[in-house]
Amino acid sequence: MKILPIITITDPLLKQTSVCIEEITKEIKILIENLKTTLYAHPRCVGIAAVQVGISQRIIVVDASQSSKENRNNGLLIMINPNIIYSSGKISSREGCLSIPDFVGNVVRKKKIEVEYTDINGKIQKLGTSGFEAIVIQHEIDHLDGKVFLDRVISLSTDVFRRQN
Ligand SMILES: [Zn+2]
(Lines give C-alpha, C1' and ligand atoms only; values in the text may rest on other atoms or scores of the structure.)
Protein backbone atom coordinates (compact mmCIF):
# COMPACT_ATOMS: atom_id res chain seq x y z
CA MET A 1 0.00 0.00 0.00
CA LYS A 2 1.07 3.54 -0.69
CA ILE A 3 1.95 6.57 1.39
CA LEU A 4 -0.07 9.34 -0.23
CA PRO A 5 1.13 12.95 -0.36
CA ILE A 6 -0.65 15.30 2.06
CA ILE A 7 -2.09 18.56 0.77
CA THR A 8 -1.52 21.61 2.94
CA ILE A 9 -3.50 24.64 4.01
CA THR A 10 -2.80 26.65 0.84
CA ASP A 11 -4.72 24.05 -1.21
CA PRO A 12 -8.33 25.23 -1.85
CA LEU A 13 -9.54 21.63 -1.70
CA LEU A 14 -9.24 21.75 2.10
CA LYS A 15 -12.06 24.32 2.10
CA GLN A 16 -14.41 22.07 0.13
CA THR A 17 -17.18 19.91 1.55
CA SER A 18 -16.46 16.25 0.87
CA VAL A 19 -19.15 14.14 -0.81
CA CYS A 20 -20.98 11.19 0.75
CA ILE A 21 -19.98 7.70 -0.29
CA GLU A 22 -22.87 5.78 -1.83
CA GLU A 23 -21.11 2.49 -2.39
CA ILE A 24 -17.96 0.94 -0.97
CA THR A 25 -16.20 0.05 -4.19
CA LYS A 26 -12.84 -1.62 -4.65
CA GLU A 27 -11.34 1.86 -5.21
CA ILE A 28 -12.70 3.05 -1.87
CA LYS A 29 -11.21 0.02 -0.12
CA ILE A 30 -7.81 0.70 -1.73
CA LEU A 31 -8.08 4.36 -0.71
CA ILE A 32 -8.78 3.32 2.89
CA GLU A 33 -5.74 0.99 2.92
CA ASN A 34 -3.60 3.85 1.58
CA LEU A 35 -5.01 6.25 4.18
CA LYS A 36 -4.03 3.76 6.93
CA THR A 37 -0.52 3.42 5.48
CA THR A 38 -0.24 7.22 5.24
CA LEU A 39 -1.46 7.73 8.82
CA TYR A 40 0.99 5.21 10.27
CA ALA A 41 3.85 6.65 8.19
CA HIS A 42 3.62 9.85 10.25
CA PRO A 43 4.84 9.34 13.83
CA ARG A 44 2.26 10.30 16.49
CA CYS A 45 -0.33 11.02 13.81
CA VAL A 46 -3.77 10.13 15.17
CA GLY A 47 -6.12 10.87 12.30
CA ILE A 48 -6.49 11.59 8.62
CA ALA A 49 -9.38 12.57 6.35
CA ALA A 50 -9.48 11.53 2.68
CA VAL A 51 -9.54 15.17 1.57
CA GLN A 52 -6.05 15.57 3.05
CA VAL A 53 -4.74 13.33 0.27
CA GLY A 54 -6.75 15.32 -2.26
CA ILE A 55 -9.82 13.06 -2.43
CA SER A 56 -12.91 14.88 -1.19
CA GLN A 57 -15.00 11.91 -0.11
CA ARG A 58 -16.36 11.40 3.38
CA ILE A 59 -13.87 8.97 4.93
CA ILE A 60 -11.80 9.40 8.07
CA VAL A 61 -9.23 7.09 9.64
CA VAL A 62 -8.50 7.61 13.33
CA ASP A 63 -6.16 5.84 15.73
CA ALA A 64 -5.82 7.65 19.05
CA SER A 65 -3.48 4.93 20.35
CA GLN A 66 -0.74 6.53 18.22
CA SER A 67 -0.59 9.54 20.53
CA SER A 68 2.30 9.93 22.93
CA LYS A 69 -0.30 11.00 25.50
CA GLU A 70 -1.97 8.32 27.59
CA ASN A 71 -5.63 8.11 26.58
CA ARG A 72 -8.57 5.71 26.48
CA ASN A 73 -9.35 4.78 22.91
CA ASN A 74 -10.76 2.22 20.50
CA GLY A 75 -7.60 1.83 18.42
CA LEU A 76 -8.02 1.95 14.67
CA LEU A 77 -11.35 3.40 13.51
CA ILE A 78 -12.39 3.63 9.88
CA MET A 79 -15.46 5.78 9.44
CA ILE A 80 -17.33 6.30 6.19
CA ASN A 81 -19.92 9.13 6.10
CA PRO A 82 -19.48 9.85 9.83
CA ASN A 83 -22.07 12.01 11.59
CA ILE A 84 -22.12 13.27 15.14
CA ILE A 85 -25.61 12.46 16.41
CA TYR A 86 -25.14 13.47 20.04
CA SER A 87 -22.62 15.61 21.88
CA SER A 88 -22.18 17.16 25.30
CA GLY A 89 -19.74 19.09 27.45
CA LYS A 90 -16.69 21.07 26.47
CA ILE A 91 -13.00 20.27 26.38
CA SER A 92 -10.07 22.42 25.36
CA SER A 93 -6.81 21.07 23.98
CA ARG A 94 -3.92 21.94 21.73
CA GLU A 95 -4.37 20.55 18.21
CA GLY A 96 -2.11 20.05 15.27
CA CYS A 97 -2.78 18.88 11.73
CA LEU A 98 -0.78 17.12 9.01
CA SER A 99 -2.03 19.78 6.59
CA ILE A 100 -0.84 22.65 8.82
CA PRO A 101 2.68 21.45 9.62
CA ASP A 102 4.05 24.66 11.18
CA PHE A 103 1.36 25.56 13.71
CA VAL A 104 -0.67 24.22 16.62
CA GLY A 105 -3.68 25.85 18.25
CA ASN A 106 -5.95 25.81 21.30
CA VAL A 107 -9.38 24.56 20.32
CA VAL A 108 -12.56 23.99 22.34
CA ARG A 109 -14.61 20.98 21.31
CA LYS A 110 -17.36 18.71 22.63
CA LYS A 111 -16.19 16.44 25.42
CA LYS A 112 -18.48 13.50 24.67
CA ILE A 113 -19.83 12.47 21.30
CA GLU A 114 -21.80 9.73 19.68
CA VAL A 115 -20.97 9.10 16.04
CA GLU A 116 -22.97 7.19 13.48
CA TYR A 117 -20.99 5.95 10.50
CA THR A 118 -20.75 3.23 7.88
CA ASP A 119 -18.03 0.66 8.40
CA ILE A 120 -15.86 -0.95 5.72
CA ASN A 121 -18.46 -3.72 5.28
CA GLY A 122 -21.24 -1.23 4.61
CA LYS A 123 -22.86 -1.68 8.03
CA ILE A 124 -24.14 1.30 10.02
CA GLN A 125 -22.34 1.55 13.36
CA LYS A 126 -22.62 3.80 16.40
CA LEU A 127 -19.73 4.71 18.65
CA GLY A 128 -19.77 6.71 21.84
CA THR A 129 -16.48 8.17 22.96
CA SER A 130 -15.01 11.02 24.95
CA GLY A 131 -11.84 12.96 25.65
CA PHE A 132 -8.89 12.76 23.28
CA GLU A 133 -10.43 10.28 20.84
CA ALA A 134 -13.60 12.39 20.62
CA ILE A 135 -11.45 15.45 19.85
CA VAL A 136 -9.64 13.63 17.05
CA ILE A 137 -12.91 12.43 15.48
CA GLN A 138 -14.34 15.99 15.59
CA HIS A 139 -11.14 17.37 14.03
CA GLU A 140 -11.32 14.84 11.17
CA ILE A 141 -15.06 15.31 10.56
CA ASP A 142 -14.37 19.06 10.33
CA HIS A 143 -12.06 18.31 7.37
CA LEU A 144 -15.03 16.66 5.60
CA ASP A 145 -16.92 19.94 6.02
CA GLY A 146 -14.08 22.07 4.67
CA LYS A 147 -12.91 23.26 8.08
CA VAL A 148 -9.51 23.14 9.78
CA PHE A 149 -8.64 23.78 13.42
CA LEU A 150 -7.62 27.38 12.59
CA ASP A 151 -11.32 28.02 11.86
CA ARG A 152 -12.13 26.91 15.42
CA VAL A 153 -9.61 28.86 17.50
CA ILE A 154 -11.06 31.80 19.38
CA SER A 155 -8.16 34.13 18.54
CA LEU A 156 -5.57 33.67 15.80
CA SER A 157 -3.21 35.97 17.71
CA THR A 158 -3.34 34.35 21.16
CA ASP A 159 -4.42 30.72 20.49
CA VAL A 160 -2.12 29.76 17.61
CA PHE A 161 1.53 28.89 18.13
CA ARG A 162 4.46 27.93 15.97
CA ARG A 163 5.13 24.21 16.32
CA GLN A 164 8.26 23.38 18.30
CA ASN A 165 9.67 19.98 17.46
ZN1 LIG B 1 -6.23 17.90 10.36
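I looked for aromatic pairs first, taking rings of Phe, Tyr and Trp (its six-membered ring) as paired if their centres lie within 6.5 Å. By that rule I count zero aromatic pairs. The model is predicted, so I took local features only at pLDDT of at least 70 and side-chain atom pairs only at pLDDT 80 or more, while totals for chains, interfaces and linings use all residues. Residues are numbered from 1 along each chain as its sequence is written, and side-chain values use heavy atoms, without hydrogens and water.

I then checked for charges over rings (NZ of Lys or CZ of Arg within 6 Å of the ring centre and within 35 degrees of the ring normal). I found the charged end of Arg94 over the ring of Phe161, 4.0 Å from its centre.

Cys97 lies in strand β4 (residues 91–97) and His143 in helix α2 (residues 132–144), 46 residues apart. I took helices (H or I, at least four residues) and strands (E, at least two) as DSSP runs, numbered from the N terminus.

I noted both Cys97 and His143 as buried, meaning under 20% relative accessible area (1.4 Å probe, protein chains only). In α2, twelve of the 13 residues are buried, among them His139 and Glu140. Just after α2, I noted a positive phi of about 75° at Gly146.

Methods: Buried < 20%, exposed > 50% of the residue type's maximum accessible area, 1.4 Å probe, protein only. Phe/Tyr/Trp six-rings, centres within 6.5 Å; stacked < 30°, edge-to-face > 60°.
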